[in-house]
Amino acid sequence: MLFNSIEFIFFFLPATVCGYFVLAKIGGARWAMLWLTLASLVFYSYWDIRFLPILCSSIVFNYLIGLVLAEKWHSGIRGSAQRWLIFGVAVNLLILAYCKYANLFLLAYNDLTRQHIEFIKVLLPLGISFFTFTQIAFLVDVYRGKAREHNAMKYALFVSYFPHLIAGPILHHREMMPQFGSPNTLRPNPLYLAVGCTIFSMGLFKKVVFADGMAMIADPVFAVTGSAVSPVDAWLGVTAFALQIYFDFSGYSDMAIGLSYMFGIRLPVNFFSPYKSTGIIEFWRRWNMTLSRFLRDYLYIPLGGNRKGPMRRHINLMITMLLGGLWHGAGWTFIVWGGLHGLYLIVNHGWRTMTKRFFPRVAVSRNLLLRMAFIALTFLCVTIAWVFFRATSLDSAVAMLKAMAGLNLHTGKLLVWTLIHGTQIAIPALLLVVFFTPNTLEIMKKFRPALDTDFLKPDGRRLAPAWKPDMLWGGVTALTLLIGLLTLFATGDGTQFLYFQF
Amino acid sequence: MVNDIDGATKSSLIRFWITAVGVLVIGLLAIVYTPGQDHLGAITLDGDPTWYRNYGDGIRREIQDRDIFFHDIGHSIAYARQADIIFLGHSMLLYGLDWRTTREFEKKYGVKIYNLGSAGDASGEFLLRVIKKHGLHPKLWIINVDNTGTNFFYRSLDNFGQFGTSAADSVLRYGRWHAMKNVFSRNINWRIEMIARRFFPEWVIRKIYRTGTGMTFYRAPADGNLFLDKVPGYTLKKEQTMEVLHDPHCPAPQAEIEGARNYLKEIGGSAIFIQVPHANECRQHVLETAKALGVPALVFDQTAFTSWDRGGHLNRDGAQKFTSLMLSQLEALPEFQHLFLPTAGHILPEYKSGPIAPTN
């Protein structure tokens, strides 16, 4: 079931919210949590009932390993705990590798050995990367003595909680468990519902109007071979995709936060205007923030982080980003995309070191023009990297980059510029939205609907409209939802979020 | 009620919720609802709810027929169940049957006629599935036995053209909820298009809805007839007499005759074959099939009729002429007279067998 589907909005969501609060009133926290867990499993199995046993087995397995680890840790048996942790993490990664990467390995093996072993027909459960990473983080935290869970139902809810299940955010046990079943989440709060509905409406609007609208420009460009694309179309198509994935992920993140907040449960921030970043380091602190946190805490730092000198830091960064790219998809294009970002990060760290040493004034400058130049350069780098992310093969990515470089000046045919009307207005308009308007959390900052929003301090320079429960915002929320729903109705079944495939 | 955050008083929240719910409900109703509509979101014909919009090609060619008939959306199937006579065929039948004339005929004999034609379905297989699913049992079937694309009695789900999300084979696979969403989605699309056409100049509309002709037609749930007067060219008086483009020597193969026999067996009841005139028609085929099965057939000389699309489908004049001629021959058939006893004092015309040339 998609957040942007008629079934979800008109049936699943109202039934789940009402059932949750009714059961909380009648039976208390346990019944409410049981309801939410069952609703989440229904939500998940709606796509394909065959996914359900995989998710349930994963939850049971990790819960049991978590119990064993906690027991070993409290008994002080570190060596045995470590073996159990390795076993637990290895099983999780093997299942993920089999479901997601088996055919990539076969492809690589076939290429290397020039054999033709047939691909395996693997059932790839939706969101497997997200719930696997969430549970690996849990196991590591239990091993480190930072987490412990005896309540099986609460653990099942933590993993399967529908607002985050399919495309994140990747949750930390310690930030979610205290919220599940807490007294202030068991009564319907009209303020939480109002804030949640508003954020959900904004997310729906971003997804169905902005993201799906940009897809109409990007898809035809990426559907033709690079040599047939003119430079203008190549840039338009790639920029449109940069905007599509931006609003797609932003819309999804808003909807997840809004949905969860209706229950009074705060999810971690996962997306915070990443294209306003002045560098790639900052970009990764704003884009898929919980994945960045996971990769930092459970991969980059265990690899040594920046503790073993600059060269080792660069190697660690590159390994982290290559694996981060691979996490996004089983294909060479994703690995190259990750590698490119690894390279960007290394250059960015180098630049920081250099400016601190040789141009200290530049390093601390708040000059507006300089900031704008950095933002533009970051956006350009990210957009170029998106070519690999979106292209179906390395060849077509290279062809697209050639087109962008103007090498198809004479062979490329005009496509988007002339055929897709509104392109001329839509792309610049959405770029203005991206760079010059406040994001949802800034508008909602007074009510702190997400976790870890301490960085959202009042900013006198920005004229962000502040949300408050009044008639004006009631009307704005309704109109946003209305336009979103009408677009949804008009386009039929909702299109999937891009991050669902990961 | 927990209102522990500044600015969120009980009264401000009440104002928020009343405004939000009010605007949403009023907005949705204003765009989706029309009094008397046949199904959710149905667009009426200039405010007349006895017709619903059935076709649009602004962004994609889409037609409601298959979803509505197979998944029983709205009241169409309920009306079809009450029908004494059901017409079967594809778009040529839909264009060829003039609703004004059939309604007069219904009054004259006190019978109920239903036009179950399904545009795009070359074979009658899809309609057979509809008939079986909903248990339609009229006293008389009138079948447009056409051979264009594929023979009507072939057991396939051939389309003349794919109509967006509702190609025949896919309609059979998905459920009623999916069909309802499809129907609703088309209605909303068309409503947005109609609003856009009302408020924006033509050059803007051409940029947005550039792929289609803007052709619209409406269907009556009560008798299945089509209102085609808004189709450009359909009502033009300009004579477009049809030519004969098909070799008139076109015998019916035995396999097709057997296919027809099985089809009739499956639908049950009495049947009469017709052929709506068009440039590629094959009368010999119809007559041979009918003769082999002992079924009456009404066929006509196509050159006496006019078309709006160069011989594919009849225009309004052609449809009126065909319908009136076909019904006048129908009422003369003994099979018809046997099934529908004439009202007192009504004189029935004499039946003549064989191909009947229309009177000009």
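Two strands count as paired when DSSP finds at least two bridges between them. With that rule in hand, the sheet in chain B can be read off strand by strand. The model is a predicted one, so everything below describes a prediction.

Start with the overall make-up of chain B. It holds 13 helices and 10 strands. Of its 360 residues, 55% count as buried. Among contacts in chain B with a separation of 6 or more, 77% link residues 24 or more positions apart.

Five of the strands line up as an open sheet, in the order S5-S4-S6-S9-S10 of chain B, and the pairing is parallel. Strands S5 (113–115) and S10 of chain B sit at the edges with a single partner strand each, so one side of each has no neighbour in the sheet. At the S5 end, strand S4 (residues 85–88) of chain B is joined to S5(B) by 3 bridges, and the two run parallel. One place to look for this pairing is Ile85(B), which stands opposite Ile113(B) in S5(B).

Further along comes strand S9 (residues 270–274) of chain B. How much of S9(B) is covered? Most of the strand is, with 4 of its 5 residues buried. On one side, S9(B) pairs with strand S6 (residues 140–144) of chain B, in the parallel sense and over 5 bridges. Within that pairing, Ile142(B) has Ile272(B) of S9(B) as its bridge partner. S9(B) is also joined to strand S10 (residues 297–298) of chain B by 2 bridges, again in parallel. Here Ile274(B) is the residue that stands opposite Leu298(B) in S10(B).

Asn182(B) has its place in helix H8 (residues 176–199) of chain B. Asn182(B) has a relative accessible area of 10%, and the limit for buried is under 20%, so this residue counts as buried. Between Asn182(B) and Glu335(B) there are 153 residues of separation in sequence and 40 Å in space, taken from C-alpha to C-alpha. Asp46(B) belongs to the loop between strand S1 (44–45) and strand S2 (48–56) of chain B. Its phi is near 50°, which is a positive value in a residue other than glycine. Is Asp46(B) buried or exposed? At 65% relative accessibility, Asp46(B) counts as exposed.

Helix H4 (residues 78–113) and helix H5 (residues 128–143) of chain A pack at an angle of about 175°, and their axes are 10 Å apart. Because of that angle, H4(A) is roughly antiparallel to H5(A). On the H4(A) side, the contact includes Leu85(A), Val89(A), Leu93(A) and Leu96(A), while the H5(A) side includes Phe133(A), Ile136(A) and Val140(A). Sorted by class, the residues in this contact of H4(A) with H5(A) are 13 nonpolar, 5 polar and 2 charged.

Now for a second pair. Helix H2 (residues 29–45) of chain A packs against helix H6 (residues 152–160) of chain A at an angle of about 40°, with 9 Å between their axes. Among the residues making the contact are Met33(A), Leu34(A) and Leu41(A) from H2(A), along with Met153(A) and Leu157(A) from H6(A). In all, the contact of H2(A) with H6(A) has 7 nonpolar, 3 polar and 2 charged residues.

Ala211(A) is found in helix H9 (residues 190–223) of chain A, and with a relative accessible area of 0% Ala211(A) is buried. Setting aside neighbours within four places in sequence, Ala211(A) is in contact with Lys206(A), Gln244(A), Phe247(A) and Asp248(A). Ala211(A) and Leu243(A) are 32 residues apart in sequence, and their C-alpha atoms are 6.9 Å apart in space. Arg448(A) sits in the loop between helix H20 (440–443) and strand S2 (450–451) of chain A. Although Arg448(A) is not a glycine, its phi is positive, at about 45°. Arg448(A) is partly exposed, with a relative accessible area of 32%.

Terms used. Residues are numbered from 1 along each chain as its sequence is written. Chains are lettered from A and ligands numbered from 1 in the order in which they are written. This is a predicted model: local features need pLDDT of at least 70, side-chain atom pairs count only at pLDDT 80 or more; totals for chains, interfaces and linings use all residues. Side-chain values use heavy atoms; hydrogens and water are left out. Axes are lines fitted to C-alpha atoms, for helices over the stretch in contact, and angles run from 0 to 180 degrees between N-to-C directions. Contact means heavy atoms within 4.5 Å. Ala, Val, Leu, Ile, Met, Phe, Trp, Tyr, Cys and Pro count as nonpolar, Asp, Glu, Lys and Arg as charged, and the others, Gly among them, as polar. Buried means under 20% relative accessible area, exposed over 50%, partly exposed in between (1.4 Å probe, protein chains only). Angles under 35 degrees count as roughly parallel, over 145 as roughly antiparallel, 65 to 115 as roughly perpendicular and the rest as oblique.
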